[in-house]
Amino acid sequence: MSEAIAEEAYEFLRAHLMGRIRFDGDRVDIKVAPTPSGHLVASVMVSMLRSVDVVLELPDDGDDSLELQVTLEQIEENGPDGALCDRWCIYHGEAPDVRWARIQIDAARYKGYFVDGQALMRENPFAAQEGALCKELNAHCREGVMRAAEATGAHRLIDPKVVGVDPWGIDARGQIGIARIPATPPFASPEEVPARFGR
């Protein structure tokens, strides 16, 4: 596996936070959100948590999709990991299920290549500043965010709300889903983020 393929797979993952989850012969729609540790988090059914063979298909099971072999760990909304559940709701809105899971990526398949799961689980070094950065971008950089989203070929964002920031890009929630706006080159520091969007 080349580093370039791993990088491309990571960018694809961050641009596709909605897909399907396959478990015990079933396949259902699912939405995931990234966490500061590099895991994903999702609202899940009990049967998903009990399954030992779980695969995420992002965005579907097509030839150009990303297939992730994953392990689900149940977390509690009112427990020490409750902030992760809140994070999912900030990304996607009201949760469809009452159970929650932190999702570890064990391995992936992308464009015929196998990718090590650890290559897709990047810790966010901007995590401590992320909330303040989102607020600043939403208050002062909305036009810049909209222009950047359109430049990537993403759908036009109407009334976007930035919900995630990391060195490799930002996540903006629009009326029809999450748009990933990659940072090229990556942000060198948290202070560079608002400057890149016209602040």
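Two strands pair if DSSP finds at least two bridges between them. Strands (E, at least two residues) and helices (H or I, at least four) are DSSP runs numbered from the N terminus. I worked on a predicted model, where local features need pLDDT of at least 70, side-chain atom pairs count only at pLDDT 80 or more, and totals for chains, interfaces and linings use all residues. Residues are numbered from 1 along each chain as its sequence is written, and side-chain values use heavy atoms, without hydrogens or water.

**Strands.** I started with β5 (residues 54-58) and β6 (residues 66-75). They run antiparallel, joined by 5 bridges. L56 stands opposite L68 of β6. I then followed β6 to β7 (residues 99-110), and found antiparallel pairing over 10 bridges. There L72 has I103 of β7 as its bridge partner.

**Cores.** I looked up the nonpolar cores next. A core is a set of buried Ala, Val, Leu, Ile, Met, Phe, Trp, Tyr and Cys residues joined through side-chain atoms within 4.5 Å. Buried means under 20% relative accessible area (1.4 Å probe, protein chains only). The largest core has 41 residues, and L56, L68, L72 and L120 have the most contacts inside it. Among the elements that give two or more residues to this core are α1 (3-15), α3 (82-92), β5, β6 and β7. I listed the contacts of L68 (heavy atoms within 4.5 Å). Beyond four places in sequence, they include L13, L40, V54, I105 and L120. A second, separate core has 17 residues, including V145, A148, V165 and A172.

**Helix α5.** I checked residues 142-151. G144, V145, M146, A148 and A149 are buried. These residues pack against β9 (161-166), β10 (169-174) and β11 (177-182). G153 follows α5 and has a positive phi, near 90°.

**N124.** I found N124 in the loop between β8 (113-116) and α4 (127-140). Is N124 buried or exposed? N124 is buried, at a relative accessible area of 10%. The N124 side chain reaches the backbone oxygen of V165 at 2.8 Å.

**Pocket.** Last, I took the second largest pocket. On a 1 Å grid over the protein atoms alone, a pocket is an open set of points where a 1.4 Å probe fits, with protein on both sides within 12 Å along at least five of seven lines; lining residues have an atom within 4 Å of a point. I noted 14 lining residues, with E11, F12, W168, R180 and P182 nearest the centre. α1 gives the most to this lining, with 7 residues.

Note on methods:
Buried < 20%, exposed > 50% of the residue type's maximum accessible area, 1.4 Å probe, protein only. Polar contact = N/O pair within 3.5 Å; in protein donor to acceptor, adjacent residues only side chain to side chain.
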